[in-house]
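Dear colleague,

I am handing over a structure that you have not seen before, and below it you will find what was found in it. Please keep it open while you read the notes.

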Amino acid sequence: MHQFILFLEHASSEVQFFVITGMLLLCWNVEQFIGLSINPSKWKHAFVNAGFIFSNFPLQILVSISFAATMQWTAHHHFGLFYHFPFMKNDWVVFMVTFIFLDLGEYVYHVFMHRVKRLWMFHIVHHSDLQLDTSTSLREHPGENFIRNCFTLLWVFVSGTVFWALLLRQLIQIISNVFAHVNYRLPESVDRLVGLVFITPNLHHVHHHYVRPYTDCNYGDVLSVWDRMFGTFRTLSSSKTVFGVDTYMDEPKKHIYWYLLKLPFGKYRKSTLYKEEAVHEPEADSASAIEFSPLQVEPVQRV
Ligand SMILES: [Zn+2]
Ligand SMILES: [Zn+2]
């Protein structure tokens with residue numbers, strides 16, 4: 001483990017680049033063969049989503065500097081929750097505790113993005129994609145990128161996360177996020193097993209269903225256990241899942257990159273369709289489906 005940590009610390013940029021590009025290429029190519037639907041404009045669609053790599057790039061430099069400075073400071077001052085845990089001497093324990101803590105942090109951040117109107121306006125750019133595929137994992141408005149990193153920075157600061165553990169967690173996060181957006185599903189039996197602990201494409205597809213309460217479920221980043229714990233876990237069959245977001249289904253400009261960049265600064269559009277969906281029957285083919293009733297799907301209003 002120690003040798004691996006040293007390697008990570010010395011080749012962090014190269015490892016990150018290799019994992020991101022490798023995962024994108026792998027999932028993109030598998031989609032060509034077993035994708036749920038054929039998108040004739042797949043390249044054009046990917047081109048729009050990939051544009052966010054460039055708009056987020058300058059921010060990433062600032063983010064890297066902020067994270068490095070924060071972790072240097074917490075390490076120097078032994079500041080943060082983890083420094084007070086007596087069992088944080090073993091590298092494996094350090095990683096597991098860091099991983100679980102930061103994953104919970106991502107869950108909290110994601111709930112905020114859905115519950116607060118102004119934050120939702122940034123997050124809606126990701127949800128407005130009608131053709132979910134590998135490239136959707138890149139579709140993140142720079143504003144959301146900034147907010148997400150501020151949240152992570154806060155968790156890193158209060159916990160005293162060390163660099164290598166954060167990096168390793170981010171590599172796993174990249175793999176999980178790209179895989180969650182692929183345009184194919186795991187077989188139901190595999191999904192039931194893997195989905196007990198991890199977010200699968202099947203579960204994240206439900207999160208991209210166009211209408212609440214499905215949009216407001218399966219917030220998990222890598223682990224699905226938080227959704228099960230906090231009552232936001234839902235399943236929905238592939239045949240019933242429609243990607244997008246109700247308030248932007250008919251928006252003709254939602255495929256235009258510049259429109260998406262300006263979208264968060266426009267007027268908030270109230271979600272109107274959830275009441276119709278509240279009486280949907282539970283999925284008969286899903287053993288882990290939560291029994292839907294109007295009471296259980298009572299939507300939380302955005303503030
Ligand atoms: Zn979301
Ligand atoms: Zn997503």
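Phe 146 has its place in helix H6, where helices (H or I, at least four residues) and strands (E, at least two) are DSSP runs, numbered from the N terminus. This is a predicted model, in which local features need pLDDT of at least 70 and side-chain atom pairs count only at pLDDT 80 or more, while totals for chains, interfaces and linings use all residues. Residues are numbered from 1 along each chain as its sequence is written, and chains are lettered from A and ligands numbered from 1 in the order in which they are written.

In sequence Phe 146 and Val 63 are 83 residues apart, and in space they are 8.1 Å apart, C-alpha to C-alpha.

The 18 residues of H6 should span 26 Å at 1.5 Å a residue, and the end C-alpha atoms of H6 are 25 Å apart, which agrees; the expected span of a helix is 1.5 Å times one less than its number of residues. Buried in H6 are Gly 143, Glu 144, Asn 149, Thr 152, Trp 155, Val 156 and Ser 159, and what covers these buried residues includes H3, H4, H5 and H7. After H6 comes Gly 160, whose phi is positive, near 75 degrees.

**How the helices pack**

Two packed helices are described by the angle between their axes and the distance between the axes. Helix H3 (residues 42-77) and helix H6 (residues 142-159) pack at an angle of about 10 degrees, and their axes are 10 Å apart; the axes are lines fitted to C-alpha atoms, for helices over the stretch in contact, and angles run from 0 to 180 degrees between N-to-C directions. H3 and H6 are therefore roughly parallel to each other, given that angles under 35 degrees count as roughly parallel, over 145 as roughly antiparallel, 65 to 115 as roughly perpendicular and the rest as oblique. Among the residues of H3 that meet H6 are Leu 59, Val 63 and Phe 67, and on the H6 side the residues include Phe 146, Asn 149 and Leu 153; two residues are in contact if their C-beta atoms, placed from the backbone, lie within 7 Å. By class, this contact of H3 with H6 has nine nonpolar, seven polar and no charged residues, where Ala, Val, Leu, Ile, Met, Phe, Trp, Tyr, Cys and Pro count as nonpolar, Asp, Glu, Lys and Arg as charged, and the others, Gly among them, as polar.

Helix H5 (residues 117-127) packs against H6 at an angle of about 115 degrees, with the axes 8 Å apart, and H5 passes H6 in a left-handed crossing. A crossing is left-handed if the near helix is turned anticlockwise from the far one by less than a right angle, and right-handed if clockwise. Here Leu 119, Phe 122, His 123 and Val 125 of H5 meet Gly 143, Glu 144 and Ile 147 of H6.

H4 and H7 pack at an angle of about 60 degrees, with their axes 9 Å apart, and that makes H4 oblique to H7. The crossing of H4 and H7 is right-handed, and the contact is made by Val 94, Phe 95, Thr 98, Phe 99 and Leu 102 of H4 together with Ala 165, Leu 166, Leu 168 and Arg 169 of H7.

**Loops and the whole chain**

Most residues other than glycine have a negative phi, and most peptide bonds are trans. His 78, in the loop between H3 and helix H4 (91-115), has a positive phi near 50 degrees and is exposed, with 10 other C-beta atoms within 10 Å. Asn 218, in the loop between H9 and H10, also has a phi near 50 degrees, but Asn 218 is buried, with 28 other C-beta atoms within 10 Å. A cis peptide bond, with omega about 5 degrees, joins Arg 212 and Pro 213.

The protein chain has 12 helices and zero strands, and 32% of its 303 residues count as buried.

With kind regards

Note on methods:
Buried ≥ 20, exposed ≤ 12 C-beta atoms within 10 Å, placed from the backbone.
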